[in-house]
Amino acid sequence: MTVKIAPSILSADIMNLERDVKLAEEAGADVFHIDIMDGHFVPNMSFSPSVVEGMRRVTDKPLDVHMMIDNPDKYIKPIVDAGADTVLVHAESTQHIYRSIDLIKSLGAKAGVVVNPGTPLETVKELFPVIDQILVMTVNPGFGGQKFIPGMIKKIQRLDQLRQTAADDNFQIEVDGGINADTISKCSKAGADIFVAGSYLFGQDDLKGRIDDLRSLAVNAEQ
Ligand code: DX5
Ligand code: ZN
């Protein structure tokens with residue numbers, strides 16, 4: 001599968017968001033990752049649908065929206081209407097994840113499920129034939145700049161094996177949290193396709209060099 005690098009705008013300079021988005025686009029970003037946090041599901045607050053709408057005005061790149069909120073169904077339509085291409089909902093944030101996935105797809109967007117580090121893959125297995133992406137959290141969600149949890153490599157490997165054994169399962173595997181030049185190769189080798197990176201990219205010199213490095217490390221490590 002094609003490697004995709006997805007800068008997370010959580011680490012961008014919020015007062016210069018458009019500038020940072022353009023810089024990342026020119027540097028080769030494939031997708032933009034937008035974190036929505038409510039201060040309940042995770043102990044932090046961040047962007048809202050209005051930021052998705054603003055992002056849609058300044059870039060044609062796909063927008064992946066990572067919802068870290070309770071009661072996600074209430075905000076799926078506003079997020080799709082704002083211009084999200086893919087909406088990612090945490091399995092732990094709702095009793096009815098299948099309903100959330102159905103709702104996203106009925107609105108014409110791509111749908112993904114997110115699993116926290118402590119959530120077993122078995123919890124979301126029934127969704128495999130109907131989703132476009134699975135986001136494996138490689139840190140506890142809520143903050144940028146945290147350390148990658150090494151045990152998640154085995155989880156990515158297991159997920160890739162499950163995907164390979166079922167003809168109906170065509171989802172992409174995304175990783176988010178602590179992705180940098182030290183961790184990306186292992187994730188790629190394990191089977192990940194989409195790599196979210198925040199603090200490794202934004203606020204650093206040579207954004208293009210960093211995106212190029214991440215991409216070539218991921219491509220070279222692909223099985
Ligand atoms: C964390 C967010 C991530 C965050 C990643 O909960 O979901 O998208 O921006 O940041 P880094 O790459 O710095 O770990
Ligand atoms: Zn995220």
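How are the donor residues of the zinc ion (ligand 2) spaced in sequence? I read the spacing as H-x1-D-x30-H-x109-D. I note at the start that this is a predicted model.

**Entry 1: the zinc site**

I listed the protein donors of the zinc ion (ligand 2) and found His33 through NE2, Asp35 through OD, His66 through ND1 and Asp176 through OD. They lie 2.1 to 2.3 Å from the ion. Asp35 belongs to strand β2 and Asp176 to strand β7 (residues 172-176), so this pair ties together parts that are 141 residues apart in sequence. I then looked up the geometry. The site has six donor atoms, with angles of 71 to 173 degrees among them, and is octahedral. For reference, the ideal angles for six octahedral donors are 90 or 180 degrees.

Are Asp35 and Asp176 buried or exposed? Asp35 has 4% relative accessibility and counts as buried. Asp176 is also buried, at a relative accessible area of 9%. For His66 I noted 0% relative accessibility; this residue counts as buried because the cut-off is under 20%.

**Entry 2: surroundings of His66**

I placed His66 in strand β3. Which side chains make polar contacts with the side chain of His66? One is that of His33, at 3.4 Å. Another is that of Asp176, at 3.2 Å. Leaving out residues up to four places away in sequence, I found that His66 touches His33, Ile34, Asp35, Ile36, Leu88, His90, Val114, Leu135, Met137 and Asp176.

**Entry 3: the sheet**

I traced the sheet next. Eight strands form an open sheet with parallel pairing, in the order β1-β8-β7-β6-β5-β4-β3-β2. At the edges are β1 (4-7) and β2 (32-37), each of which pairs on one side only. From one strand to the next, the twist averages 25 degrees.

I checked one pairing in detail. Strand β4 (residues 86-90) and strand β5 (residues 110-115) run parallel and are joined by five bridges. Within this pair, Val87 stands opposite Ala111 in β5.

**Entry 4: helices on the sheet**

Helix α2 (residues 49-58) lies across β2 and β3 (63-68), and runs at about 165 degrees to β2. Helix α7 (residues 207-221) also packs on the sheet, where it touches β1 and β8 (194-197). The direction of α7 makes about 145 degrees with that of β1.

How values were computed: Residues numbered from 1 in each chain as written. Chains lettered and ligands numbered in written order. Predicted model: local features only at pLDDT ≥ 70, side-chain atom pairs only at ≥ 80, totals over all residues. Heavy atoms only, no water. Pairing = 2+ DSSP bridges. Helix = DSSP H or I, 4+ residues; strand = E, 2+ residues; numbered from the N terminus. Axes fitted to C-alpha atoms, helices over the stretch in contact; angles between N-to-C directions. Contact = heavy atoms within 4.5 Å. Buried < 20%, exposed > 50% of the residue type's maximum accessible area, 1.4 Å probe, protein only. Polar contact = N/O pair within 3.5 Å; in protein donor to acceptor, adjacent residues only side chain to side chain. Donors = N, O, S within 2.8 Å, 3.2 Å for Na, K, Ca; no water. Tetrahedral: all angles 85-135°; square planar, octahedral: opposite > 155°, others 65-115°.
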